[in-house]
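Here are a few exercises to work through with the model open. Try each one before you read its solution.

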Amino acid sequence: MKMLLTKKFAFEMAHALPGYEGKCANLHGHSYHLDVTVEGTVMHADGMTVDFHRLKELVEHTVVERFDHALVLPRGAGIEAPNLVEVDFQPTTENLLLHFARLLEPVMPEGARLYSLRLAETDTSVAELVM
Ligand SMILES: [Zn+2]
């Protein structure tokens, strides 16, 4: 048996996919929905695998606060903005998930490990990364 716990987050983010042939090359934004699922390896005496509140704080601090209302572009895209976050990759949903996983894995609480991340760019476009 294993225990899976999911915490859900939402944030607004602008991005562009330079070089892409289509509308996504233009600056635009999404209301992203991020589901973070952790696998519990321990059941603590308090009846919890991971405190949802602690998981919420970790994800908010590590991912949501950095990317909410940010403009995310590949480094060197040539656009300046006070909320610019430059990344070393094309900010597709898939690449964002890989990046979020790299940020979250080292901060997982004891007894938990990242199991999957699910990122919805729109109601109909969802990527899921399973570790
Ligand atoms: Zn987009």
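A crossing is left-handed if the near helix is turned anticlockwise from the far one by less than a right angle, and right-handed if clockwise. This is a predicted model, where local features need pLDDT of at least 70, side-chain atom pairs count only at pLDDT 80 or more, and totals for chains, interfaces and linings use all residues. Residues are numbered from 1 along each chain as its sequence is written.

**Exercise 1.** Work out how helix α1 and helix α2 cross.

*Solution.* 
- Start with the axes: those of α1 (residues 52-67) and α2 (residues 93-104) come within 10 Å and cross at roughly 135 degrees.
- That angle makes α1 oblique to α2 (under 35 degrees is roughly parallel, over 145 roughly antiparallel, 65 to 115 roughly perpendicular, and the rest oblique).
- Next, the hand: α1 passes α2 in a right-handed crossing.
- Who touches whom? Val59, Thr62 and Val63 of α1 meet Phe100, Leu103 and Leu104 of α2 (contact means C-beta atoms, placed from the backbone, within 7 Å).

**Exercise 2.** Find how strand β5 is joined to strand β6.

*Solution.* 
- β5 (residues 112-122) and β6 (residues 125-130) run antiparallel, with 6 bridges joining them.
- Now follow the chain: a hairpin of 2 residues links β5 to β6.

Note on methods: Axes are lines fitted to C-alpha atoms, for helices over the stretch in contact, and angles run from 0 to 180 degrees between N-to-C directions. Helices (H or I, at least four residues) and strands (E, at least two) are DSSP runs, numbered from the N terminus. Two residues are in contact if their C-beta atoms, placed from the backbone, lie within 7 Å. Two strands pair if DSSP finds at least two bridges between them.
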